[in-house]
Amino acid sequence: MKTNNLHQAEKKETVAPLRQSLQESLAHMQKHCNDCPKCRTECAFLRKYGTPREIASNYDSFQNQHLTLACECNLCGLCGAVCPKALHPEEMFLEMRREAVDRKMVPLPEHHALLAYERRGVSGRFSYYMLPKNCHTVFFPGCAFPGTRPEQTLRIFDHLQKVDPSLGMVLDCCCKPSHDLGRSDYFQAMMDEMKSFLVEHGIRKIITACPNCHQIFKTYGTPLEVTTVYELLLQCGLPDSVSVEGVSAVSVHDPCVARFESAIQDAVRKLAVLSGFALVSMPHERCKAICCGEGGNVGAVAPEFSEVWTTRRREEAGGRLLLTYCAGCAGNLSRHTPTAHILDAVLDPESAVSGKIRVSKSPWTYLNRLKVKQILKKKNSAGAVTRERLFSADPPIEKKVWGRIIMLVFFAAVIGALHGAGGMRFLDPGFLRQWVASWGVFAPVLYIVVYTLAPVFFMPGLPITIAGGILFGPVWGVVYTIIGATSGACAAFLVARYAARDWIQARLRSPRWKRLDEGVSRHGWKIVAFTRLIPVFPFNLLNYAFGLTSIPLGHYALASFVCMLPACIAFIVFSSSLPDMVRGRISPEFIIGLALIGIVMSVPVLHRIFKHKFKNK
Ligand code: SF4
Ligand code: SF4
Ligand code: SF4
């Protein structure tokens, strides 16, 4: 323990000090926050971790859980909106995220999907700039809106172009995800490049549809002026559309980023009224707006907090249609309560009321964005400036596609050569099993030893399982594989518990591992059973993570053995049919194995569906 403390103290001396901006933010919070605790009453994250002053006072950048803590706050700013001392805890949490990025603790694995989404948005394939001659204003619809609503995007653009024929359009991402994850250098470089291009080509004004893009351009886009399509539609008139028949009562969900944008809030409400809707207020709207649950990518990191926000929003809506002006909010909320985008309501109010608006979901959203880009390309007028954005502030990602193609060609060549040389007899199940039997007890022992060591060295288990099915057949393959898989899971567990605790702890930095620990303390072996049946965590890391919890080895081993068995049977039965399949024969094991794999893989999907249905009742 003493050596550990000395080690920590030495480390503190050698590591760079906190960012200046974070130091100031923490000091300011400690000095002015009086734990009143208005913000805590509103926010589940603060209820769990303490008032902003307590969090600031306890902050220690040498503890992983402090560095990643801010990833559980969705930066919605409600705390700032209710604070009687005009403090803004959300700014402190953003600074904490930036510090975590500096210390290479963030992005977390849970952020990778969002960053990949952003990377596609700024890529040459998806981005497109179309600036007609004499263009000084561009429509910037963002990522989610054209992805989910391509027709509406083009209709709005056509309508705005009637008023300003030199209006251009920019299909690109404002990089708000990187901004909110604290990747400030990357974000700034991307923003600067986009801004320089636009300013150099005479653009003076941006029209946004997404409140996130609006906030980004407003904060970082100087000298570009920014307005929203909602304010503009009020000035230039609505496209040809009809009002809703009879008066439908709706409420407006203000996206959290727009909480202080009263002009946009008013414009959206006026558009709703002009489309024939009657507005009903909710306790949390305008500056007291609550997040849809997806702010700051918290849904991926701390789904329990995200759920609290969504549930509150659903309860306040009380079954009424919600209108919002963020395609992200609309997408997230519509999974829990009837929700439409205000532009759905403006362009087709009847369908918005009846829930018949066609809104695409991923992966179709990507196709839609490409479709919008193609149509925009065709609209090019003579003298227009166009570009696909090729600049990236990230180092290029190694392309693995070629590696995969080479592997496929290699396997095809091996099978071809085996065929040619009459070597297919080696793949005859009878021959193979005879050959394995000739090794006696040595073959299964060696197989089990390899399977036991594999998880300790992070080797993937699937190829070993497939080999087990091929070599030992559907019955003994299951027996040896489940013994090997359980021993491997226990070996990694013991390494984490007794040999490399600190090292493993340093690597499992995501808050979800902390929740696993909390779950085990509350529910014991049931969490092991659940995570074995529903693979929400990567298998190899999970074994190590359980070693850090308080679960007894016996409970862990038994729950792992029983709950890994279904997947083990499915994959072994299937893989035992592979030699026949390569020889062009479809065996009963193939059909049964495939069906079992289907059943095993549908468990997580069914779990998600039932969870949603149950929650929304
Ligand atoms: S989740 Fe929202 S209200 Fe809670 S601390 Fe973060 S910014 Fe504040
Ligand atoms: S509302 Fe303001 S003063 Fe009160 S606990 Fe929150 S940050 Fe502190
Ligand atoms: S989806 Fe809406 S509530 Fe969520 S972050 Fe975006 S603007 Fe905020």
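Reply: Happy to. A cavity here is a set of grid points, on a 1 Å grid over the protein atoms alone, where a 1.4 Å probe fits but cannot get out. Please keep in mind that this is a predicted model. Searching the whole structure with a threshold of 30 Å³ or more gives three cavities.

Let us begin with the largest cavity, whose volume is about 110 Å³. Its lining is made of 17 residues, and those closest to the centre are Cys33, Cys36, Cys39, Cys83 and Leu87. Two helices, α2 (20–32) and α3 (38–42), each give at least two residues to this lining. Sorted by class, the lining of the largest cavity holds eleven nonpolar, three polar and three charged residues.

Ligand 2 sits in this largest cavity. Around ligand 2 you will find Cys33, Asn34, Asp35, Cys36, Pro37, Lys38, Cys39, Pro52, Cys83, Pro84 and Pro89. In this shell, eight residues are nonpolar, one is polar and two are charged.

Now to the second largest cavity, with a volume of about 100 Å³. The space here is that taken by ligand 1. The cavity has 13 lining residues, with Cys43, Leu46, Cys73, Cys76 and Cys79 nearest its centre. At least two lining residues come from each of α3, α4 and α7. By class, this lining has ten nonpolar, two polar and one charged residues.

Ligand 1 is surrounded by 13 residues, the closest being Cys43, Cys73, Asn74, Cys76 and Cys79. Two or more residues of that shell come from each of α4 (44–49), α7 (78–82) and α8 (89–102). Ten residues of the shell around ligand 1 are nonpolar, two are polar and one is charged.

The structure contains zero disulfides. Two cysteines elsewhere in the chain show the distances involved. A pair of cysteine sulfur atoms has to lie within 2.5 Å to count as a disulfide. The closest cysteine sulfur to that of Cys210 belongs to Cys213 and is 4.0 Å away, so the two are too far apart for a bond. Cys210 is buried, because its relative accessibility is 17%. For Cys563, the closest cysteine sulfur is in Cys568, at 13 Å, which is also too far for a bond. Cys563 counts as buried too, with 13% relative accessibility.

Finally, the backbone. Most residues other than glycine have a negative phi, and most peptide bonds are trans. Ala86 is exposed, at 58% relative accessibility. Phe458 also has a positive phi, near 60°, and is placed in the loop between α25 (442–453) and α26 (462–499). With a relative accessible area of 40%, Phe458 is partly exposed.

Two cis peptide bonds are worth a look as well. One runs from Thr222 to Pro223, with omega near 15°, and Pro223 belongs to the loop between α14 (211–220) and β5 (225–228). Another joins Ser362 and Pro363, with omega about 10°; Pro363 is in the loop between α21 (349–354) and α22 (364–378).

Definitions and conventions
Residues are numbered from 1 along each chain as its sequence is written. Chains are lettered from A and ligands numbered from 1 in the order in which they are written. This is a predicted model: local features need pLDDT of at least 70, side-chain atom pairs count only at pLDDT 80 or more; totals for chains, interfaces and linings use all residues. Side-chain values use heavy atoms; hydrogens and water are left out. A residue is near a molecule or strand if one of its heavy atoms lies within 4 Å of it. On a 1 Å grid over the protein atoms alone, a cavity is a set of points where a 1.4 Å probe fits but cannot get out, and a pocket is an open set with protein on both sides within 12 Å along at least five of seven lines; lining residues have an atom within 4 Å of a point. A molecule sits in a cavity or pocket if more than half of its atoms lie within 2 Å of its grid points. Helices (H or I, at least four residues) and strands (E, at least two) are DSSP runs, numbered from the N terminus. Ala, Val, Leu, Ile, Met, Phe, Trp, Tyr, Cys and Pro count as nonpolar, Asp, Glu, Lys and Arg as charged, and the others, Gly among them, as polar. Grid points are joined across faces, edges and corners, and a volume is the space filled by probe spheres set on the points. Buried means under 20% relative accessible area, exposed over 50%, partly exposed in between (1.4 Å probe, protein chains only).
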